[in-house]
Every structure is written in C-alpha cells, then in structure tokens.
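Please keep the sequence and the model in view while reading.

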Amino acid sequence: MAKAQTVALIEIRSSPQTDDDFLCWSPVPARAKLSQPSSTDLPVTLRSAGVGPSAGVVGFMVSPSPVTRANYAPENELQIVLKADGSWTEFYLMGLKASDGNKDIAVRAEVPDGTAIGQTMTMVRVRKNAEQLSHRERNNFLSALAQWKIMPGLARPTRFEDFFTTHGDAFSHGIHSAFGTKPSNFLPWHRAFLLNFERELQFIDPTVSLPYWKFDEPSPRLFNADFLGAKVLGSNEVDLAATNPIRGWSSPSGQLLTRARAADTLAPIATDVLPALACSMHGCPDVFRQTTDTFEMNYHNGAHGFIQGWLGGATSPRDPLFFLLHANVDRGWAHWQQARDRYDSASNRSYSPEGVYPGSVQGGMREGLYANDEMWPWSQKQGNWGTPNEPDDDWLPYRFSFPPALGLPLSGTDYPTPAKMIDYMGVFRGADLGFCYDDLHYMSGGSSGVIAGEQ
Ligand SMILES: [Cu+2]
C-alpha cells in the first residue's frame with residue numbers, strides 16, 4: 001500500500017515538457033518514476049482513462065528498444081515497478097484510437113487499490129477526414145487558421161504570403177512534373193510543406209492537426225459557409241458565415257477568395273480512377289517513379305482543376321483548401337507506401353533519384369531532387385536550382401525555417417530532404433515525424449485506426 005505522499009511522475013517522449021505529449025499511431029518512448037526515493041520498489045499499473053465518450057485511447061508496451069512492426073503488441077494496461085531509488089522505468093506509448101480535438105486521455109499510474117498516484121494528459125492527434133471532424137476539431141482548426149494568416153512573417157509581410165509566394169516561386173522548379181522538368185520531388189516537397197504549415201498551426205493551438213479533403217466523395221460539410229466556404233450561386237465568390245473565424249479571407253491586396261466550383265454535391269475524382277489507393281487490390285505501380293505522376297497528374301491536378309479560382313494557379317496556397325487537398329494527395333501516397341512497404345528511403349523503390357546532387361544536371365535531375373539533397377526553401381540557399389544556362393536568381397535566400405517540434409525530427413538546421421519525408425511513421429527508422437492519418441495505422445492499412453480487440 002502506498003504512503004499518502006507517494007507520487008509518480010510520467011513523461012511522454014521522455015521529456016519533462018508537456019508540449020510534446022502528442023501521439024500518433026507510432027510507438028514513442030515514455031517513462032515513469034517515483035518523485036522521490038522510497039524504502040521499497042512500488043509496483044503500479046499503467047492505464048489510460050478517457051475524458052468524455054469520444055476520447056482517444058492509448059496502448060502500452062514494454063519492449064526491447066526500439067519497438068518495430070515485428071514486435072509491436074500494445075496492451076490496454078501495463079504492470080511496471082517504480083524503483084525505490086527513484087530512477088526511471090521505461091515503456092512505450094502508442095495511439096490506438098484518435099482523440100477529439102483536445103488532450104482527452106489521462107495516462108495514470110495506479111497502485112493495487114486503484115488509487116492513481118500519478119497522471120499526465122495526452123492526445124492521439126491524427127489527420128482526419130474533414131467531413132468527419134467534430135465541431136470542436138473544426139472550430140479549433142478554423143480559429144488557428146485565422147490566427148496563422150495574420151502571423152507576422154520573418155521576411156515577408158505575413159506568414160500566409162510566405163507560403164503562397166514560396167509555392168509560386170517553386171512551382172515550375174522541381175516541385176511539379178506537370179509544370180516544370182521531370183523528374184520532380186512533388187510528393188516529398190509537398191509533404192514537408194504541409195508539415196511545416198501544420199506545425200505552425202500547432203504553435204497556435206497544439207491540439208490541431210491538418211484535416212484532409214477526401215475529394216473522391218462529395219463533401220457537403222467542408223464546402224459550407226461554416227467550414228471552408230460555400231460557393232455563391234452564379235458567381236465565383238465564396239460565402240463564409242458571420243461566425244466563421246476565416247470570414248473575409250482575402251489576399252494581401254484585399255481580393256476575396258474565389259472558386260469556380262464547389263465539391264459539396266459532386267466529387268472531382270471518381271473512386272474508380274484511384275488506382276493508387278486501390279493498389280493493394282488491383283495492382284499498382286511498384287516503384288516510386290512510376291507512381292508519383294499518378295498522384296500528381298490524375299489525382300492532384302484533377303482536384304485543383306475542378307475547383308479552380310485561387311486553387312487554379314501557382315499561388316494556390318492562398319486558398320486554405322490547398323492544404324486539405326494536398327493532405328489527401330499525401331494520404332494517397334501514404335496508402336501506396338503502406339501497401340508496398342515503401343518506407344526505406346535508401347531504396348529507389350521508395351524514392352529516386354538516390355544520393356546527392358553530383359554537381360551538374362543529368363537527365364533533368366536538378367539539385368534538390370536527389371534523396372539526400374536539402375530542399376528549397378528550407379535549405380535557405382540561393383540559386384541551388386543549379387541550371388547551368390540560367391541565372392540562379394529564381395530562388396531567394398529568405399528564411400523559411402522548419403518549425404521545431406519538441407522530440408521530433410526536423411528543426412533548426414535539420415533541413416528537410418526527400419529522404420527524410422519517406423518514413424513519416426518511423427516504421428523503418430523508429431522516429432515518426434509527428435503526423436499520421438485516421439485510416440492508416442502503424443501496422444496496417446485498416447480503416448478505423450483501432451486495433452481489433454483493443455478498444
Ligand atoms: Cu497542389
């Protein structure tokens with residue numbers, strides 16, 4: 001029986017800070033200890049307790065480090081012993097069911113009579129289908145988006161302008177096969193761009209994750225005045241409700257958001273032209289270079305072209321729908337990766353060209369496209385496009401730093417490369433990038449995100 005003053009400390013991602021206490025499906029290290037030395041070891045049970053009916057669920061594991069897909073076996077609770085000397089006992093935590101837009105999971109250490117002697121709050125923060133967000137999740141996202149738009153930028157008038165200008169500058173310089181030279185780094189570049197955006201939203205509200213617009217289905221909730229806007233009949237104007245935090249969304253010059261179509265009753269992409277998502281059933285290209293253009297040309301271009309308006313041009317991130325559209329393209333890539341086990345960034349099946357830029361353009365392959373090249377703009381280099389016959393003044397050396405996220409890769413001078421974008425769930429290298437999708441589990445392509453028997 002514990003003494004009244006016995007207290008256990010629990011740390012997620014093994015740091016005392018709580019602003020890294022967010023989980024996806026990937027196992028992350030955690031630890032617990034007595035707050036002060038005791039005369040005896042203390043056995044405790046670790047459990048998670050959800051706050052509210054839609055709360056998330058976490059699993060526990062003790063395992064040889066690291067946890068991999070080969071030894072992944074989460075439990076609903078875990079018996080551990082807190083050592084008398086007050087040293088740490090390590091374990092792993094992983095999301096089993098997504099949270100509802102807040103830290104709604106208490107991770108508790110209980111002594112045998114059921115008394116909790118320590119607790120920390122966490123959430124399973126995953127990217128969800130925008131159509132299925134709760135009111136809380138939608139409101140959190142819109143409020144953060146409204147604040148982000150007016151954040152003071154580092155080298156441009158607003159952070160918003162940084163993003164769409166950067167996309168415009170890079171548009172025909174390697175990030176799209178359709179509008180520049182081949183090959184492109186379309187998929188990893190946009191994955192980094194989205195993650196950069198999502199981390200900036202999380203500075204404003206750490207409970208927010210980027211929703212995706214599942215554009216092979218009609219999306220009446222998303223294309224609504226209460227969410228990303230309803231198209232006004234007979235014009236390209238977009239109506240946003242008076243209570244919508246992003247009401248009046250405009251460009252820096254004051255133009256209001258426009259779209260030529262809405263996808264509230266129609267879907268831009270028919271399900272049967274999604275070979276990439278159906279590839280586990282129907283067969284799909286096996287190697288990255290055969291796959292990336294399918295995502296870009298058939299899938300991504302189709303969605304942009306359907307909506308048009310601001311989404312139709314090189315500065316398409318002016319419309320926040322851009323980020324939800326690209327999250328779905330990224331999710332498509334993630335499904336393909338899962339179906340083909342393409343997490344090894346050193347394999348040309350996962351990404352090519354491999355290696356680093358050799359110093360001259362060969363076969364259209366420019367600096368920034370090789371797996372281990374730092375990508376612009378995060379590389380912060382000027383003129384690294386490397387075209388021998390053009391002035392290298394297309395890319396400006398302005399600061400576009402990847403926002404640091406505690407306990408996660410990519411911050412400071414750990415610049416994004418295509419290779420660092422491949423294994424986003426840490427399946428191969430053991431460190432996740434801090435995002436995941438509601439229908440793509442660490443272990444399988446299952447649809448619910450809940451492992452059978454664990455809820
Ligand atoms: Cu796009």
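The model is predicted: local features need pLDDT of at least 70, side-chain atom pairs count only at pLDDT 80 or more, and totals for chains, interfaces and linings use all residues. Residues are numbered from 1 along each chain as its sequence is written.

The chain contains 7 helices and 11 strands, which are DSSP runs numbered from the N terminus (helices are H or I, at least four residues; strands are E, at least two). Of its 455 residues, 47% count as buried. A residue is buried if 20 or more other C-beta atoms, placed from the backbone, lie within 10 Å of its own, exposed if 12 or fewer, and partly exposed in between.

| Feature of α5 | Value |
|---|---|
| Residues 288-307 | 20 residues |
| First C-alpha to last | 28 Å |
| Bend at asparagine 301 | about 35° |

The expected span, 1.5 Å times one less than the number of residues, is also 28 Å for α5. The bend is the angle between axes fitted to the seven residues ending at a residue and the seven starting there. Buried residues of α5 include Phe288, Phe295, Tyr299 and Ile307; among the elements covering the buried residues are α3 (186-204) and α6 (321-340). Glutamine 308 follows α5 and has a positive phi, near 55°.

Alanine 241 lies in the loop between β11 (238-239) and α4 (279-282). Alanine 241 counts as partly exposed because it has 14 C-beta neighbours inside 10 Å.

Key:
Two residues are in contact if their C-beta atoms, placed from the backbone, lie within 7 Å.
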